[in-house]
Every structure is written in structure tokens, then in C-alpha cells.
Amino acid sequence: MLGAPHRFDPTVVGYRAGARVAQLTPAPVAEPLRRLASRVVARRPGERRFLLQRHLRRVCGREVDEAELDRLVDAAVDSYARYWVDSARLLRLGDAEVDAGFTVEGFENIEDGFARGVGPILALPHLGGWEWAGRWLICRPGYDVTVVVERQGPVELFDWMVAFRESFGMHVVPLGPDVAGSVLRALKAHHVVCLLCDRDIGGSGIEVEFFGERTTLPAGPATMALRTGAAIVPVGVYQRPGLHHAVCRPPLDTERRGRLREDVQRVTQLLAAELELLVRASPEQWHLMGPNWPSDEVALANYRAQQAMG
């Protein structure tokens with residue numbers, strides 16, 4: 001279904017094999033194995049653990065002792081592992097099974113968005129199990145769903161992930177120079193457009209206050225909403241025992257008030273506050289494992305220097 005890699009690549013082969021194992025292994029066996037493996041990975045020193053610790057301290061907004069921080073890091077890595085396992089399982093699940101594993105509150109905020117004459121924009125952080133939510137939108141309400149995804153290397157792995165998402169009905173738009181036009185066409189065609197927007201991949205976004213520090217977030221959600229009238233609905237998807245639960249917040253205030261640049265900054269700051277609220281509800285499910293604030297880059301450089309010195 002997902003096709004063969006263009007050439008032999010151990011990363012792609014590993015993902016394909018892992019997805020197959022996840023699909024075939026019964027949950028009572030897979031879950032303890034996943035927890036054990038993720039705990040081993042979480043306790044391994046390295047840049048990923050270092051950055052996870054920084055992000056978790058930042059989200060908690062207080063001093064976190066080492067024991068609690070270890071617990072949170074363990075849970076964050078396990079949540080990320082569950083995201084991959086559950087996503088792989090989606091390929092073998094029918095619509096009824098996907099529906100049975102999903103609950104949602106505030107869904108009327110998505111439904112009401114269509115009254116604006118275009119599709120709504122769902123603005124999500126890398127939280128919990130968003131892939132399951134996208135699959136549910138396709139099979140239960142029956143929406144057309146367009147997702148914008150970051151290009152990642154190797155190209156064979158990126159192509160495999162695109163085919164994976166398209167196999168259960170998503171329209172996938174790679175991040176790039178043509179993304180704005182593709183999203184605009186999707187909104188006009190009344191697609192639900194899903195944008196993961198807690199990271200500014202290109203580094204040219206809007207400066208905001210985010211978890212107490214200045215950084216940038218993507219300008220895309222605010223810009224598209226202001227230009228098309230689309231609703232921006234902040235959404236968090238949380239992993240719970242045996243299911244996924246989505247929280248759909250009320251749409252942001254995207255009424256035009258001044259110059260476009262000023263309105264984009266204002267709406268993006270509103271979005272940052274909503275993302276904070278969604279992440280703080282379950283910080284250990286936030287899959288943010290790379291630098292996301294300017295201070296992270298400085299801290300990471302110092303960490304690398306210390307490691308090099310032994």
C-alpha cells in the first residue's frame with residue numbers, strides 16, 4: 001500500500017518494519033514492550049534528553065526537582081513512542097474502530113467554521129496523537145482533510161510518510177514555496193486544513209511571547225485566516241488509556257483591525273496563548289525535542305562544548 005523505497009535506506013526500512021510490527025503485535029504485548037523501550041531511550045544522555053528537560057521546565061513554569069523531571073521525560077518519550085505505534089495501527093483499523101477510539105469536546109467550533117464560506121483551520125501543537133484525529137475527521141464526519149507537513153530527510157523516508165498519510169485519505173501538502181496557494185485552494189474547497197504551528201521551521205515567522213520567552217511562530221495560520229475569513233480553531237489531541245481525546249477551543253478573534261502585518265502579529269500572539277493552554281494541560285505529551293527558542297541554541301552549544309571536554 002505504501003510502496004517500496006526508491007533505494008535501500010536503513011532508516012526507511014526500519015520505519016516500515018516497525019510499523020508492521022506495531023500493526024501485528026497485540027496491544028497487551030505491545031504496550032509493556034513500548035514502555036520498556038521508551039524508558040531505556042529516555043534515560044540515555046544526549047541532546048534530545050537535554051532539550052526535553054529544558055522544554056518541560058519552561059512549560060511547568062516553576063522549579064522541577066530531578067525525580068519529577070525524570071518522570072516527565074520518561075512520559076514524554078513514551079508518549080512519542082505511542083504516537084508512532086498508534087499511527088501505524090491506523091492502517092489496519094476500520095472506521096468503526098477509529099471512531100470507538102476517539103472522543104472530542106468542542107466539536108461545534110469546527111462545524112461552525114464552515115458557516116464562514118470556507119473550510120476551518122485547525123491549529124495544533126505537536127501534542128499527543130494528532131494523526132488519529134485526522135483519520136477520525138475523514139471517517140466519522142466525512143470531511144476532506146488537508147495537512148501541511150515539514151520536509152524531512154532522507155527523501156525516501158519523507159515520501160514514505162506522505163504515502164502513509166495519503167493511504168487513509170489525507171491530502172498532504174509539503175512545506176515549501178507553493179504551500180500558500182495549496183492551502184488557499186483547500187480552504188476554498190471546504191477542506192479542514194490542519195496546521196502544526198508550535199514550531200517556526202523556516203525561522204521567518206512572527207515574534208511572540210511563548211512560555212515566558214520571545215521566539216517566533218509561523219505566520220501562516222493568521223495570514224490565511226485574515227485573507228480568507230477562515231476560522232482558526234486551536235486543537236489539542238491527548239492520549240488517554242485506550243483512546244484519544246480532542247479538545248477544540250473557540251475560534252480566535254481574526255477580525256481585521258488595522259494593517260495586515262499588525263493583525264497577523266496580534267492573531268499569532270493569541271494563538272501562542274492558546275497553544276500554551278493546550279500544552280500545559282498535559283506537558284508530558286508535547287513532542288518537542290528540538291530547539292525552539294533562541295536561548296535553546298545557546299544552551300545547546302554550551303552543552304556540546306561540555307560534552308566535548310568530557
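In the protein, residues 24 or more positions apart account for 78% of the contacts with a separation of 6 or more, a contact being a pair of heavy atoms within 4.5 Å. The model is predicted, so that local features need pLDDT of at least 70 and side-chain atom pairs count only at pLDDT 80 or more, whereas totals for chains, interfaces and linings use all residues. Residues are numbered from 1 along each chain as its sequence is written, and side-chain values use heavy atoms, with hydrogens and water left out.

**View 1. The whole protein has 12 helices and 9 strands.** Helices (H or I, at least four residues) and strands (E, at least two) are DSSP runs numbered from the N terminus. Of the 310 residues, 50% are buried, a term that stands for under 20% relative accessible area, with exposed meaning over 50% and partly exposed the range in between (1.4 Å probe, protein chains only). The accessible surface comes to about 14800 Å², and 54% of this area belongs to carbon and sulfur atoms; such areas come from the Shrake-Rupley method with a 1.4 Å probe, and for residues only the protein chains shown count as cover.

**View 2. Seven strands form an open sheet with mixed pairing, in the order β1-β9-β8-β2-β5-β3-β4.** At its edges lie β1 (102–105) and β4 (171–174), each of which pairs on one side only, where pairing requires that DSSP find at least two bridges between two strands. From one strand to the next the twist averages 25°. Helix α4 (residues 66–89) packs on this sheet and touches β8 (232–240) and β9, its direction making about 95° with that of β8; the axes are lines fitted to C-alpha atoms, for helices over the stretch in contact, and angles run from 0 to 180 degrees between N-to-C directions.

**View 3. Strand β9 (residues 243–248) is joined to β1 by 4 bridges, and the two run parallel.** Within this pair, F102 stands opposite H244, while E105 has V247 as its bridge partner. V247 of β9 is also the bridge partner of G236, and between β8 and β9, which run antiparallel, there are 6 bridges. These two strands form a hairpin with 2 residues between them, and G242 in the turn has a positive phi of about 80°. Because 5 of its 6 residues are buried, β9 is largely enclosed by the rest of the structure.

**View 4. Strand β2 (residues 121–124) has buried side chains pointing both ways, with I121 and A123 on one side and L122 and L124 on the other.** In a regular strand the side chains alternate between the two faces of the sheet. β2 pairs in the parallel sense with strand β5 (residues 192–196) over 4 bridges, and L124 stands opposite L196 there. With β8, β2 again pairs in the parallel sense, over 3 bridges, and I121 stands opposite I232.

**View 5. V104 lies in strand β1 and is partly exposed, with a relative accessible area of 29%.** Not counting residues up to four places away in sequence, V104 touches W136, H245, A246 and C248. The C-alpha atoms of V104 and G236 are separated by 10.0 Å, although the two residues are 132 apart along the chain. C248, one of the residues touched by V104, counts as buried at 7% relative accessibility. C139 is likewise buried, with a relative accessible area of 17%, and the structure holds 0 disulfides, a disulfide being a pair of cysteine sulfur atoms within 2.5 Å.

View 6. An α-helix has 3.6 residues a turn, so residues three or four places apart point the same way. T254 is itself buried, with a relative accessible area of 12%. Not counting residues up to four places away in sequence, T254 touches R266 and V267 together with R116, A225, L226, A230 and I232.
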